[in-house]
Amino acid sequence: MARAVLVPYAPSSVTSARQRLCTELEEGGLDAPRVNDAALVLSELLSNALRHASPLPPPFPPESVQVGWDVETAASGRVRLEIRVRDGGAPTLPRIARPSPSALGGRGLGIVEHLARRWGTEVDGSVTTVWAVLELGEGEDGAVPAFVSSRTRVMSG
């Protein structure tokens with residue numbers, strides 16, 4: 001399964017993107033703890049894009065960012081989920097902060113680093129992609145049930 005979804009550059013997009021990811025992963029047979037981890041990673045990456053980065057540049061629709069996810073099963077039966085958020089970039093690249101215990105924010109990428117096997121950033125011109133890969137264990141009978149094929153849609157906030 002591969003998915004790419006354009007969402008409005010608005011805080012309400014975090015909820016709608018997270019709900020869509022959860023629905024697809026649950027329908028695909030993944031258990032609740034793994035779905036919850038994936039939802040948290042998506043929420044953190046998208047929230048960071050909305051807080052720190054710009055919307056995607058043309059030819060993308062105005063005031064939008066893109067979220068995407070791919071679920072793959074290796075020959076060994078291990079299931080891997082890659083989550084991506086594409087935006088118009090920021091003056092600096094994302095990095096893990098080390099906030100004080102009393103700080104109200106700054107923990108998002110630390111959470112992503114804890115939950116994901118690996119994460120990173122790619123810059124292509126004026127588009128920045130922040131991605132994270134989660135190892136989800138084994139699917140039922142060593143495979144992930146069939147997911148909807150790859151497509152891009154615009155979601156309303």
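**Helix packing and the nonpolar core**

Helices H1 and H2 run roughly antiparallel to each other in this predicted model. Their axes cross at roughly 155° and come within 9 Å. The description as roughly antiparallel follows because angles over 145 degrees are placed in that class, and the crossing angle of H1 (residues 12-27) and H2 is roughly 155°. The crossing of these two helices is right-handed. On the H1 side, the residues in contact are Ser13, Val14, Ala17, Arg18, Leu21, Cys22, Leu25 and Glu26. These residues meet Val35, Ala38, Ala39, Leu42, Ser43, Leu46, Ser47 and Leu50 of H2. Sorted by class, the contact of H1 with H2 comprises 11 nonpolar, 3 polar and 2 charged residues.

The chain as a whole contains 3 helices and 6 strands. Along the sequence, these elements follow the pattern β-α-α-β-β-α-β-β-β. Of the 157 residues in the chain, 43% are buried. Among contacts between residues at least 6 apart in sequence, 69% join residues at least 24 apart.

Two packed helices are described by the angle between their axes and the distance between the axes. H2 passes H3 in a left-handed crossing. H2 contributes Asp37, Leu40, Val41, Glu44, Leu45 and Asn48 to this contact, while H3 contributes Gly108, Leu109, Ile111, Val112 and Leu115. The contact of H2 with H3 is made up of 7 nonpolar, 2 polar and 2 charged residues.

In soluble globular proteins, nonpolar side chains tend to be buried together. In the present model, the largest nonpolar core has 34 residues. Within this core, the residues with the most contacts are Leu25, Leu45, Leu46, Val67, Trp69 and Ile83. At least two residues of the core are supplied by each of strand S1 (2-8), H1, H2, strand S2 (64-73), S3, H3 and strand S5 (127-138). H2 gives the most, with 9 residues. Leucine 46, named above among the core residues with the most contacts, touches Val7, Ser13, Val14, Ala17, Val65, Val67 and Val85 when neighbours within four places in sequence are left aside.

Leucine 21 belongs to helix H1. Its relative accessible area is 0%; because burial requires a value under 20%, leucine 21 is classed as buried. With neighbours within four places in sequence set aside, leucine 21 is in contact with Ala38, Ala39, Leu42, Trp69 and Ile83.

Glutamate 82 is found in strand S3 (residues 78-87). The relative accessible area of glutamate 82 is 18%, and this residue is therefore buried under the limit of 20%. Leaving aside neighbours within four places in sequence, glutamate 82 is in contact with Gly68, Trp69, Asp70, Trp131, Ala132 and Val133. Glutamate 82 and tryptophan 69 are 13 residues apart along the chain, with their C-alpha atoms separated by 5.4 Å.

Finally, the backbone of the loop between H2 and S2 was considered. Most residues other than glycine have a negative phi, and most peptide bonds are trans. Proline 59 lies in this loop between H2 and S2, and a cis peptide bond with an omega of about 15° joins proline 58 to proline 59. Glutamate 63 is likewise placed in the loop between H2 and S2. The phi of glutamate 63 is near 55°, a positive value in a residue other than glycine.

Definitions and conventions. Residues numbered from 1 in each chain as written. Predicted model: local features only at pLDDT ≥ 70, side-chain atom pairs only at ≥ 80, totals over all residues. Heavy atoms only, no water. Left-handed = near helix turned anticlockwise from the far one by under 90°. Helix = DSSP H or I, 4+ residues; strand = E, 2+ residues; numbered from the N terminus. Contact = heavy atoms within 4.5 Å. Nonpolar A, V, L, I, M, F, W, Y, C, P; charged D, E, K, R; others polar. Axes fitted to C-alpha atoms, helices over the stretch in contact; angles between N-to-C directions. Parallel < 35°, antiparallel > 145°, perpendicular 65-115°, else oblique. Buried < 20%, exposed > 50% of the residue type's maximum accessible area, 1.4 Å probe, protein only. Core = buried A, V, L, I, M, F, W, Y, C linked by side-chain atoms within 4.5 Å.
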